[in-house]
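Here are my notes on the model, as numbered points.

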Amino acid sequence: MIADVIKPGLDVLFCGINPGLVSEATGHHFARPGNRFWPALHLSGFTPSQFAPAEQEKLLDLGLGITNVVARPSARADELTIDEMRQGAIELAEKVERYSPKVLAILGVTVYRAAFGRKKAQVGAQQDAVGGARLWILPNPSGLNAHWQLPALAEEFGRLKASI
């Protein structure tokens, strides 16, 4: 299990689907080469430079954190069961309530739809709140998500940044 990067009162808590195998091995979120989380975070203005996964704790000083919907690592998100995602959603809501970030940004519309039962959700700001936090859905930055290239990912991250 990979530790959350979290503290009370964050501006944004980014929430991945679940750790990949490289993240599990390194103990760092979004550690697989080819994952666009760190470049998108920088290009959108959230970080002053492109952090390496090993620098993830620096996010806390910027009011940012990272968690996951499901704690169990896997090679691909499609290896998760619907029950794991739904249970993860319950635990995530409890975590958000406990830590009170202003915004919960879930990285992956498909996992949000499955975990929270919101079949028509789209990327962007949501009407729903989770654990008292505003909810924003961002595209999954995995290199396996070929539909979203880095410039488009950074633009979506930038829309969130502009809203806080």
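1. This is a predicted model. Phe30 sits in the loop that runs between helix H1 (21-26) and helix H2 (37-43). Its phi is positive, about 55°, although Phe30 is not a glycine. Most residues other than glycine have a negative phi. Phe30 counts as buried because its relative accessibility is 13%, and the cut-off for buried is under 20%.

2. Ser100 is another non-glycine residue with a positive phi, about 55°. Ser100 belongs to the loop between helix H3 (82-99) and strand S3 (103-107). Is Ser100 buried, partly exposed or exposed? Its relative accessibility is 44%, so Ser100 counts as partly exposed.

3. The largest pocket has a volume of about 870 Å³. Its lining consists of 35 residues, and Ile17, Arg76, Ala77, Asn140 and Ser142 are the ones nearest the centre. H1 and helix H4 (109-116) are the elements that give two or more residues to this lining. H4 provides the largest share, 4 residues. By class, the lining of the largest pocket has 18 nonpolar, 14 polar and 3 charged residues.

4. The second largest pocket holds about 260 Å³ of space. Which residues lie nearest its centre? They are Asn68, Val69, Val70, Ala71 and Glu91, out of 15 lining residues. Strand S2 (64-68) and H3 each supply at least two residues of the lining, and the largest share, 6 residues, comes from H3. The lining of the second largest pocket divides into 7 nonpolar, 4 polar and 4 charged residues.

Notes: Residues are numbered from 1 along each chain as its sequence is written. This is a predicted model: local features need pLDDT of at least 70, side-chain atom pairs count only at pLDDT 80 or more; totals for chains, interfaces and linings use all residues. Side-chain values use heavy atoms; hydrogens and water are left out. Buried means under 20% relative accessible area, exposed over 50%, partly exposed in between (1.4 Å probe, protein chains only). On a 1 Å grid over the protein atoms alone, a cavity is a set of points where a 1.4 Å probe fits but cannot get out, and a pocket is an open set with protein on both sides within 12 Å along at least five of seven lines; lining residues have an atom within 4 Å of a point. Grid points are joined across faces, edges and corners, and a volume is the space filled by probe spheres set on the points. Ala, Val, Leu, Ile, Met, Phe, Trp, Tyr, Cys and Pro count as nonpolar, Asp, Glu, Lys and Arg as charged, and the others, Gly among them, as polar.
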